[in-house]
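Here is a short report for a reader new to this structure. Look over the sequence and the model, then read on.

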Amino acid sequence: MVDLFRYQHWDLVSKRWLYYVISVALLLIVIVAAIHNAQKYGAADILKRGIDFKGGGSVSYRVDGRLPEGQLAEIIGQIRGKLDEQKIESEVQISPATGESTGDVIIVKTTLPDDLPDSEVDAALQQEAKEYITPAVNAVVQGVLPDAAAIEKPEATEIVTGTVSQELLGKGVLAVILGSVMILLWIWFRYNIAGFGLRYVIAGVVALVHD
């Protein structure tokens with residue numbers, strides 16, 4: 001077997017400034033893209049968080065039959081497109097039928113106005129489902145399943161709170177910190193060559209955070 005890497009002498013370190021320039025350029029592109037995203041969607045959604053993080057409503061529909069597996073992505077795109085026409089931000093998922101059920105489940109998640117009182121959130125979701133989401137789902141489903149009965153109302157509705165984001169954020173930050181500490185200790189003890197373990201540790205953790 002040909003070994004392309006053994007006994008090779010590639011002078012990478014002397015070109016490190018070239019890599020620094022490339023890295024900075026890529027970071028600047030990301031920052032500009034994030035600023036553009038913030039201007040487009042609002043500063044609060046600079047990373048275009050999903051509805052599970054922002055809060056909203058979830059509406060589920062049981063389809064009368066099985067949706068064509070090869071068209072699931074197209075079906076999801078069509079439903080989202082019809083809701084986009086109504087200025088409704090949405091996330092669409094399709095859950096295949098399991099067990100004794102004979103129909104797939106379409107789950108549509110949408111955002112709700114932030115200034116709604118808690119007592120009116122459920123009513124707003126029900127109204128949104130009746131006026132916009134159900135007709136959109138019906139139009140797409142009957143396009144791919146002409147013999148399917150029209151869906152009159154959702155099988156289930158649920159309020160999605162944004163509190164999960166705070167929990168995920170806290171656990172994510174803690175995981176990154178603990179992971180970095182464990183990597184730091186491992187590199188220090190495992191590769192403390194000629195007393196330069198600390199240098200390897202700093203380089204490894206900085207590279208990880210950079211990535």
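In which sense do strand 1 and strand 4 pair, and over how many bridges? The pairing is antiparallel, and strand 1 and strand 4 share 5 bridges. One of the residues involved is G57, whose bridge partner in strand 4 is I159. Keep in mind that this is a predicted model.

## The chain at a glance

The protein chain holds 6 helices and 4 strands. Read from the N terminus, its elements run α-α-β-α-β-β-α-β-α-α.

The protein chain has 211 residues, and 26% of them count as buried. It exposes about 15,100 Å². Carbon and sulfur atoms supply 62% of that area. Take the contacts between residues at least 6 apart in sequence: 65% of them join residues at least 24 apart.

S58 sits in strand 1, which spans residues 56–62. Is S58 buried or exposed? S58 counts as buried, because its relative accessibility is 6% and the cut-off for buried is under 20%. Residues up to four places away in sequence aside, S58 touches I107, V108, K109, L125, A156, T157, E158 and V160.

A156 is partly exposed, with a relative accessible area of 35%. How far apart are A156 and S58 in sequence and in space? They are 98 residues apart in sequence and 8.2 Å apart in space, C-alpha to C-alpha. Neighbours within four places aside, A156 is in contact with S58, V59 and S60.

## Two salt bridges

Side chains of opposite charge can pair when their charged atoms come close. The count here comes to 2 salt bridges.

E155 lies in the loop between helix 4 (118–144) and strand 4 (156–160), and R62 lies in strand 1, so the pair ties together parts that are 93 residues apart in sequence. E155 is partly exposed, with a relative accessible area of 48%. R62 is partly exposed too, with a relative accessible area of 35%.

In another salt bridge, the side chains of D104 and R66 meet at 2.7 Å, N to O. D104 is in the loop between strand 2 (90–95) and strand 3 (105–110). R66 is in the loop between strand 1 and helix 3 (72–85). The pair therefore ties together parts that are 38 residues apart in sequence.

Which residues make the nonpolar surface patch? They are L169, V173, I177, V181, M182, L185, W188, F189, L198, I202 and V206. The patch covers about 1,100 Å².

Helix 5 (163–190) and helix 6 (197–210) each supply at least two residues of the nonpolar patch. Helix 5 gives the most, with 8 residues. L169 is a patch residue that lies in helix 5. L169 counts as exposed, because its relative accessibility is 52% and the cut-off for exposed is over 50%.

Notes
Residues numbered from 1 in each chain as written. Predicted model: local features only at pLDDT ≥ 70, side-chain atom pairs only at ≥ 80, totals over all residues. Heavy atoms only, no water. Buried < 20%, exposed > 50% of the residue type's maximum accessible area, 1.4 Å probe, protein only. Contact = heavy atoms within 4.5 Å. Areas by Shrake-Rupley, 256 points an atom, 1.4 Å probe, with all protein chains shown as cover. Patch = residues over 30% accessible without salt bridge, like charges linked within 9 Å, V, L, I, M, F, W, Y side chains within 5 Å. Salt bridge = Lys/Arg side-chain N within 4 Å of Asp/Glu carboxyl O. Pairing = 2+ DSSP bridges.
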